[in-house]
Amino acid sequence: MDICLEYCELVQDDKSLVCPICQYIFLSPQQILCCKQHICKSCIDKVKNRCPLCRHRPLRYQDAKSEFISSINKALIWCKHKKNGCDWKGELQCLDVHLYPNSDANPNAGCQYEPVPCPLHCGEQIPRWKCLHHQVLSC
């Protein structure tokens, strides 16, 4: 899943699904071996050779266990466009289908609040639901 999770919110607050470093839902979680805590792979890549949680050296880690990853994927979240009006909520593992469904058959499928390039190639990014309005009145 190549979705930026910093804009997604959990439906129910669950700190066990949130990275203690970046404070976002885990993305590619890693388990730190010294303290058995989890942080995102991108957060591990930013720290030096010391555990950012317990300060142990050297920092050693491994991919999180499949059960932990499964619990993250099943977490209920709001669409990352909730603040713009989208009321979709569902499992994290379904977010990419909500945002970017196979749209070959229907280019208007997917989250209506997801910014898409103007179909007339004017260069603007507009919410999917505003495309027709933009084409007729603005483009």
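Colleague: In what order do the elements of the protein chain run from the N terminus on?

Modeller: This is a predicted model, in which local features need pLDDT of at least 70, side-chain atom pairs count only at pLDDT 80 or more, and totals for chains, interfaces and linings use all residues. Residues are numbered from 1 along each chain as its sequence is written, and side-chain values use heavy atoms, with hydrogens and water left out. Helices (H or I, at least four residues) and strands (E, at least two) are DSSP runs numbered from the N terminus. The protein chain has 4 helices and 7 strands, and their order is β-β-α-β-α-β-β-α-β-β-α.

Colleague: Is His81 buried or exposed?

Modeller: His81 lies in the loop between β4 (76–78) and β5 (89–91). Buried means under 20% relative accessible area, exposed over 50%, and partly exposed in between (1.4 Å probe, protein chains only). The relative accessible area of His81 is 7%, so His81 is buried.

Colleague: With which side chain does the side chain of His81 make a polar contact?

Modeller: A polar contact is a pair of N or O atoms within 3.5 Å; within protein, one must be able to donate a hydrogen and the other to accept it, and residues adjacent in sequence count only if both atoms are side-chain atoms. At 2.5 Å, the partner of the His81 side chain is that of Glu114.
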